[in-house]
Amino acid sequence: AYEGGAVANGASGALAGASPLDLLDSAGDIKSALDPSTWPRRVRQGVALGLIVASVATLSTSVGIARRGSGARRAFPSSAVRSTSVAPARPVAPAAPSGSLTLAQAEQLVKRWQRAKAAALSSQYDTGPMQKVLSGQMLAVWRDKALKSSVEGCYWQYNLKSLRMRAVRVDEYSGVFTATIDAVLDETGRFIFRDGRKGTSYSGPYEVRYTAQLMEDGQWRLVRGDIVGS
């Protein structure tokens, strides 16, 4: 269909009719056979036409590939290309330190302990709340007090009149967060015997230094309590 194809076929026929190797003489003069100036005019014309056709075919192929590539690029609008780009990461606000304990949080912890103490040493001997606010040796000591009271049939009546927080300090020891809590409690307490008789009692403010630790469940629990100045 292409004129270049007919020219190519003609060139091939010319080459087939008179190959340069046919110019070899009986002595095998290869140098003379490979010298185009020694070829017949018809052969030189055929070779020249063949080289021109090959160059035109190579150029046509390169132009076609370039056009197809340009068309493929036009098929995708610039907006589609932008949509595949990765959006820049947004800055994330730093999380609060896992070992933090504010003064307000410490106050709630001490209040929870006072309510748990009143429940555990009451006539109901309810140690459930105490196990959620105490840990370690402090839990063992107060649980033992509740058990002895239940066996003897006596109990305590507590009333927390006020609580004033003084200071909270958090330290880390070997990966364990420990808090020191200083507080002043104004409390009344009265011991009741099995038969209902009222025993010893106390009333007034006293200062306590609590030690709390951050547990694996993320909750702070008291592990020690010492009355300051006693």
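Read along the sequence, the protein chain of this predicted model follows the pattern α-α-α-α-α-α-α-β-β-β-β, with seven helices and four strands in total, where helices (H or I, at least four residues) and strands (E, at least two) are DSSP runs numbered from the N terminus. Residues are numbered from 1 along each chain as its sequence is written, and side-chain values use heavy atoms, with hydrogens and water left out. Local features need pLDDT of at least 70 and side-chain atom pairs count only at pLDDT 80 or more, whereas totals for chains, interfaces and linings use all residues.

Of the 230 residues of the protein chain, 26% count as buried, a class defined by under 20% relative accessible area, as against over 50% for exposed and the range in between for partly exposed (1.4 Å probe, protein chains only). Among the contacts (heavy atoms within 4.5 Å) with a separation of 6 or more, 55% are accounted for by residues 24 or more positions apart.

Helix α7 comprises 17 residues (136–152) and reaches 25 Å from its first C-alpha to its last, close to the 24 Å expected at 1.5 Å a residue, the expected span being 1.5 Å times one less than the number of residues. Within α7, M138, L139, W142, A146 and S149 are buried; they lie on the same side of the helix because they cover an arc of only 95° around the axis, as given by the directions from the helix axis to the C-beta atoms. The cover of these buried residues includes α5 (103–120), α6 (128–131), β3 (198–214) and β4 (220–227), while Q137, L147 and V151, on the other side of α7, are exposed. Just after α7, G153 takes a positive phi of about 80°.
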